[in-house]
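Trainee: Please take me through this model, one feature at a time. I would like the general idea, then the case at hand.

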Amino acid sequence: MMKTSLFAAIAALSGWAGAAQAADIEFWYGNTGVIEEAIQAQCAAFNAEQTEHSVTCVGSGSYEVGMQKAIAAFRTGNAPALIQFFDAGTLDLMLSDAVVPVQEILPDVDWSNYIAGARSYYETADGRLFAQPYNASTLLFYANMTQLKEVGVTERPTTWEEVIATAEKLKAAGHECPFVTDVEPWRLVEQFSARHGLPIASKGNGFGGLDAEYVLNTTFLATHLQNLVDWRAEGLVRLGSDTAAGGQTPAFNTGECAMVENSSGSYTAAAQAFGDQLELGLGLTPMYEGYERHNTFVGGASIYVMKGHDDAELAAAAAFLDFVRQPEQQMTFTAATGYVPVTNDVMDVIAASGEADKYPTAAIGIDSMSKPGTDDTRGVRLGFYVQFREVFVEEAQKAFNGEQTMQVALDNAKTRGDELLRRFEQTYQGVALP
């Protein structure tokens, strides 16, 4: 049943006389496939477990489409009570004036229980949660240990130096795809920079103000990306588009490629593909020797509470948020999808269950997002960042195609990215960051 603290928290908000009234609300989400199935199962569980409220969960097909529809619905007074949106669009929703900070809806929740890497991404400047982390992922390293052991590598590589040494052994043995990657900035830019403690932009990646500028072209990231270009030329690395499978995830899951960096949310599909025939190695993403490991960013998405709803609807929204936060619900979701639990208490419940093997991404993902942080590893709080990701892909792809050096690609991305930032700053001139 619902936690009694929920209604105590809601009643504490001024003027909420109808907090305990029943309400039917909608939750719009942007996932498909296995994740969509898990979300629908969670919604059904909420409706079955209590009788105070009902939630209808509506798929939008993608995060971007869902947000566009939700903002349009908000302007006409028909917005859903809850919307799921992904990490890169955080600032857009924060400044949209269409959402209520979740900590205002649930002031008595122990928000400090959220793992640091997930909490910091969605916090306001003064440390209040603006959205509730939900389907959280982070970047992990996957290895086909069956193939690695065939060339004498019995331990999963932990550094980039070890990854490439292993790739050289695989290539020498005739393996055509030792390591596979793509041009996705979440992997190549954001997660690499975070764990190596490198800034993507000034002012703590934008947390310090809208006048931030991109600096990713001046850090060790440029060296790493050029390394990937060179390693590809040497036959040690392939892009997903180079593979017969046509993408890095299917190329790894089918055994075409031996190593990959991928989302924790990719684990379930990889494990199912490997079955009992191949040994799947899973661990923290590789570091360059000489760098201290910092926290990786949270990926996936969080849940926002939209404005324009009465007390009963806000109570229903809070009830659903309270429900999905329960350790048992997080464990079920993790087991079904590979997404990482978002609160620290879940690992204690997993340990007590005696079934830790059912949640292989949980401990590794939480460990990765809980490493020491800096001002540059809180997250990304930059305007038009979704568009910047597209700019990076365009410029980096030219470098991989040999049309320009990676340094030129990053210099161009910085110039074009700063133009986006200045446009965003002008749009919100005089507005203070939450």
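**Strands and helices in the model**

Mentor: Strand β1 (residues 23-29) and β3 run parallel, joined by two bridges. Two strands pair if DSSP finds at least two bridges between them. Strands (E, at least two residues) and helices (H or I, at least four) are DSSP runs, numbered from the N terminus. This is a predicted model: local features need pLDDT of at least 70, side-chain atom pairs count only at pLDDT 80 or more, and totals for chains, interfaces and linings use all residues. Residues are numbered from 1 along each chain as its sequence is written, and side-chain values use heavy atoms, with hydrogens and water left out.

Trainee: Which residue of β3 is the bridge partner of F27?

Mentor: L82 is. In β11, L82 has V305 as its bridge partner. β3 and β11 pair in the antiparallel sense, over five bridges.

Trainee: Are the residues of β3 buried or exposed?

Mentor: Buried means under 20% relative accessible area, exposed over 50%, partly exposed in between (1.4 Å probe, protein chains only). Five of the five residues of strand β3 (residues 82-86) are buried, so the strand is largely enclosed by the rest of the structure. L82, Q84 and F86 point one way, I83 and F85 the other way.

Trainee: What joins β5 to β11?

Mentor: Four bridges, with β5 and strand β11 (residues 299-306) running antiparallel. S137 stands opposite G299 in β11. Strand β5 (residues 132-137) is mostly covered, with six of its six residues buried.

Trainee: What is the strand order in the open sheet of five strands?

Mentor: The order is β8-β7-β9-β6-β10, with mixed pairing. β8 (237-239) and β10 (280-284) stand at the edges, each with a single partner strand, so one side of each is left without a neighbour in the sheet. Strand β7 (residues 179-181) pairs with strand β9 (residues 259-263) in the parallel sense over two bridges. F179 stands opposite M259 in β9.

Trainee: Now helix packing. How do α9 and α11 cross?

Mentor: Two packed helices are described by the angle between their axes and the distance between the axes. Axes are lines fitted to C-alpha atoms, for helices over the stretch in contact, and angles run from 0 to 180 degrees between N-to-C directions. The axes of helix α9 (residues 185-195) and helix α11 (residues 221-233) come within 11 Å and cross at roughly 135°.

Trainee: Which residues make the contact?

Mentor: Contact means heavy atoms within 4.5 Å. L188, V189, F192 and S193 of α9 meet L221, H224, L225 and L228 of α11.
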